[in-house]
Amino acid sequence: ADALCIRRFDPAAMAPLVSAYLNTGGVPELVGNGSVVKLPTTGSFRTLCGGGILFSALTDKQWAGIARAIGRPDLGSDPRFASVDGRRTHYDLLRGELVAAFATNSAQHWETRLNQEGVPGSAIRTLPEIMEHPQVAHRQVIGRVSGAVGVEREIGLVTSGFSASADGPAIVSPPPGKGEHTDAILREAGYAPEEIAALRAAGAL
């Protein structure tokens with residue numbers, strides 16, 4: 001039996017932004033990150049040197065992890081922040097403390113510290129940084145092919161969001177040109193050659 005291997009990292013790369021970057025070099029601008037849960041312990045924070053960290057700490061255990069990661073045990077023991085409701089009530093106060101704390105070091109530093117304390121978080125990476133991530137090469141997220149119609153160079157394509165142990169899937173040919181497979185598809189659908197020719201003569205194809 002065949003086995004499918006799916007990683008959360010792969011579908012994240014399957015976006016039009018990736019294709020635009022691979023083939024035009026266009027880098028999308030950050031538009032901001034918030035959280036619908038309205039907690040000061042979720043969302044994005046600016047870090048040292050212009051970077052950013054994104055995390056979501058919803059539980060009391062995760063909040064305790066943040067307090068340890070930033071070296072602020074006083075915040076962790078503050079009764080105003082002891083519960084989810086308390087942290088939401090004192091949103092502005094706690095958010096201000098966290099903004100100040102995360103601005104003191106790099107995004108990579110905080111990614112490591114938060115993960116060590118059991119808080120799910122990640123440095124906010126640019127698209128070029130993502131393309132250089134070891135997982136992209138390891139998972140073979142990007143395929144490169146030549147021979148695309150009208151393009152005299154190799155192009156980059158995003159592969160499937162899953163891999164199979166036996167047969168890929170893999171990119172083995174460039175995208176077809178406009179209408180390249182029209183006749184073959186119509187023949188498969190049962191159209192006779194003269195019918196296809198008539199459609200083309202009438203301007204339908």
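**View 1. The hairpin of strands S2 and S3.** Strands S2 and S3 form a hairpin with five residues between them, and Cys49 in the turn has a positive phi of about 65°. Helices (H or I, at least four residues) and strands (E, at least two) are taken as DSSP runs and numbered from the N terminus. The model is a predicted one, in which local features need pLDDT of at least 70 and side-chain atom pairs count only at pLDDT 80 or more, whereas totals for chains, interfaces and linings use all residues. Residues are numbered from 1 along each chain as its sequence is written, and side-chain values use heavy atoms, with hydrogens and water left out. S2 and S3 run antiparallel and are joined by five bridges; in this pairing Gly43 has Phe55 of S3 as its bridge partner, and Phe45 stands opposite Ile53 in S3.

**View 2. The open sheet with strand order S2-S3-S4.** Three strands, in the order S2-S3-S4, form an open sheet with antiparallel pairing, where two strands count as paired if DSSP finds at least two bridges between them. Strand S2 (42-46) and strand S4 (121-123) stand at the edges with a single partner strand each, so one side of each is left without a neighbour in the sheet. From one strand to the next, the twist averages 15°. Strand S3 (residues 52-56) is joined to S4 by three bridges, and these two strands run antiparallel; Leu54 stands opposite Ser122 in S4, while Ile53 has Ala123 of S4 as its bridge partner.

**View 3. The packing of helices H3 and H7.** Helix H3 (residues 60-69) and helix H7 (residues 107-116) pack at an angle of about 135°, with their axes 9 Å apart; the axes are lines fitted to C-alpha atoms, for helices over the stretch in contact, and angles run from 0 to 180 degrees between N-to-C directions. H3 and H7 are therefore oblique to each other, given that angles under 35 degrees count as roughly parallel, over 145 as roughly antiparallel, 65 to 115 as roughly perpendicular and the rest as oblique. Ile66, Arg68 and Ala69 in H3 meet Trp110, Arg113 and Leu114 in H7, contact meaning heavy atoms within 4.5 Å.

**View 4. The salt bridge between Asp60 and Arg87.** The side chains of Asp60 and Arg87 form a salt bridge at 2.9 Å, N to O, the term requiring a side-chain nitrogen of Lys or Arg within 4 Å of a carboxyl oxygen of Asp or Glu. Because Asp60 lies in helix H3 and Arg87 in helix H5 (residues 84-89), the pair ties together parts that are 27 residues apart in sequence.
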